[in-house]
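Open the model in a viewer and keep the sequence panel beside it. The stops below say what to select and what is there.

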Amino acid sequence: MRAVVVEGPNRVSYREVQEPAVGPDDVLVRSREAGLCRTDIEMMTGVFTDPRWVRFPVIPGHEWAGTVVEVGTNVASVEVGDRVVCEGFVVCHRCRRCRSGETQWCERIEALGFTRPGGYAELVAVPEQVVHRLPEHVSFDAGVLVEPASVVLRGLEKADPKPGEAVGVIGVGTLGALAIALLRLHSPSRIVAFGVREEELELARRLGATEVVLAGDGTPPAAELDLVVETAGAPVAVTLATQLCRPGGRAVLLGIAGEGRTLTLPSDLLVSEDMTLIGSIAYPASTWSRVVGLISDRVLDLDPIVTHRFPMADFEDAVRLMDDRRGIVAKIVLEHSTT
């Protein structure tokens, strides 16, 4: 079989690799599509090499979906031919964190696409516990987006949006687009999208934003929002989030700016404005299950967020597009050949 393999920083190729072994508790999945994430690119270029999370050589792909082709002797929840999506984290379910429901902080955590082979390979062996069936009406595009949607939903769960609230989203890439789609489910009075490119704002309108604002001139609009979701991953975006919140408002920070980026805020901001800043990363298994339920029940439509697709062998072209940001770019998927 073939896969994209990151041997180390700036050493990436699409090549033949050995097929995975299937244990008695494993499911072998033929990956159909995998999403290109900024973290994948950072592994390829050496920006993200934390040994706690990255084990070179690594086959990326933590956002992916496919079809079951083999099951281990102990597997009972899925069958050959089932369309499935697989959680990004493999956890022990026994440690203190897992028992409290915070499986994303498992003391023995493994991660598909980081410490174990992911969906950039044609075949992926995964434990049965991470496999979720997809109904026939759910596309593989939607399956690919379950992982980042779980990241966003976890942040919103912590912020607890209320019907009728005025909400804002900063940045309209993958996470921002998902935030708009998920916020709509809470019946807000307004969804204001802030972007630095007109193409971003066009996508935001398509997804249901009621207002759009071209940010970047240094003058924050007087939005007085109840809840702001920051997805841009830049200190200036975090500052903007705090400026947009009304007194007593909440800001959810989902973007990752990277090491070496600094943020300066007034020391009394949170106290004097009675403001809540909520950082959120990753998701517990329970949040993942909720996203799968929302798309399975046709409550949440994720298909419009996929804007580009490339053959897996052309992953370098996909990376260039994400870096160049030409036109409307939300989620880029890489497809394996079906022949």
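Is Asp274 buried or exposed? This is a predicted model, and in it Asp274 counts as exposed, because its relative accessibility is 56%. Select Asp274 in the loop between α8 (269-272) and β15. Its phi is positive, about 50°, although Asp274 is not a glycine. Most residues other than glycine have a negative phi.

Next, select the loop between β15 (276-279) and α9 (285-296), where Ile281 lies.

- Ser280 is buried, with a relative accessible area of 9%. Leaving out residues up to four places away in sequence, Ser280 touches Arg154, Gly155, Lys158, Leu253 and Leu254.
- Ile281 counts as partly exposed, at 47% relative accessibility. Together with Trp105 and Ile256, Ile281 forms a nonpolar patch on the surface, and the accessible area of the three is about 330 Å².
- Ala282 counts as buried, at 12% relative accessibility. Ala282 is not a glycine, yet its phi is positive, about 65°.

Now go to helix α10, residues 315-324. Which residues of α10 are buried? They are Phe315, Ala318, Val319, Leu321 and Met322. These residues lie on the same side of α10, because they cover an arc of only 160° around the axis. An α-helix has 3.6 residues a turn, so residues three or four places apart point the same way. To see what covers the buried residues of α10, show the elements around them, including β1 (2-8), β2 (11-16), β3 (26-36), α1 (38-45), β16 (306-311) and β17 (331-335). Following α10 is Arg325, which has a positive phi near 55°.

Then select the cysteines. How many disulfides does the structure hold? The number is 0. Cys98 is in no disulfide, and the nearest cysteine sulfur, that of Cys106, is 3.7 Å away. Cys106 is in no disulfide either; its nearest cysteine sulfur belongs to Cys92, at 3.6 Å. Cys98 counts as buried because its relative accessibility is 8%, and Cys106 counts as buried at 6%.

For the last stop, select Pro57 in the loop between α1 and β4 (64-71). The peptide bond from Phe56 to Pro57 is cis, with omega near -10°. Most peptide bonds are trans.

Key: Residues are numbered from 1 along each chain as its sequence is written. This is a predicted model: local features need pLDDT of at least 70, side-chain atom pairs count only at pLDDT 80 or more; totals for chains, interfaces and linings use all residues. Side-chain values use heavy atoms; hydrogens and water are left out. A disulfide is a pair of cysteine sulfur atoms within 2.5 Å. Buried means under 20% relative accessible area, exposed over 50%, partly exposed in between (1.4 Å probe, protein chains only). Helices (H or I, at least four residues) and strands (E, at least two) are DSSP runs, numbered from the N terminus. The arc is that of the directions from the helix axis to the C-beta atoms. Contact means heavy atoms within 4.5 Å. Patches are made of residues with over 30% relative accessible area and no salt bridge: like charges are joined within 9 Å, nonpolar side chains (Val, Leu, Ile, Met, Phe, Trp, Tyr) within 5 Å. Accessible areas come from the Shrake-Rupley method with a 1.4 Å probe; for residues, only the protein chains shown count as cover. A salt bridge is a side-chain nitrogen of Lys or Arg within 4 Å of a carboxyl oxygen of Asp or Glu.
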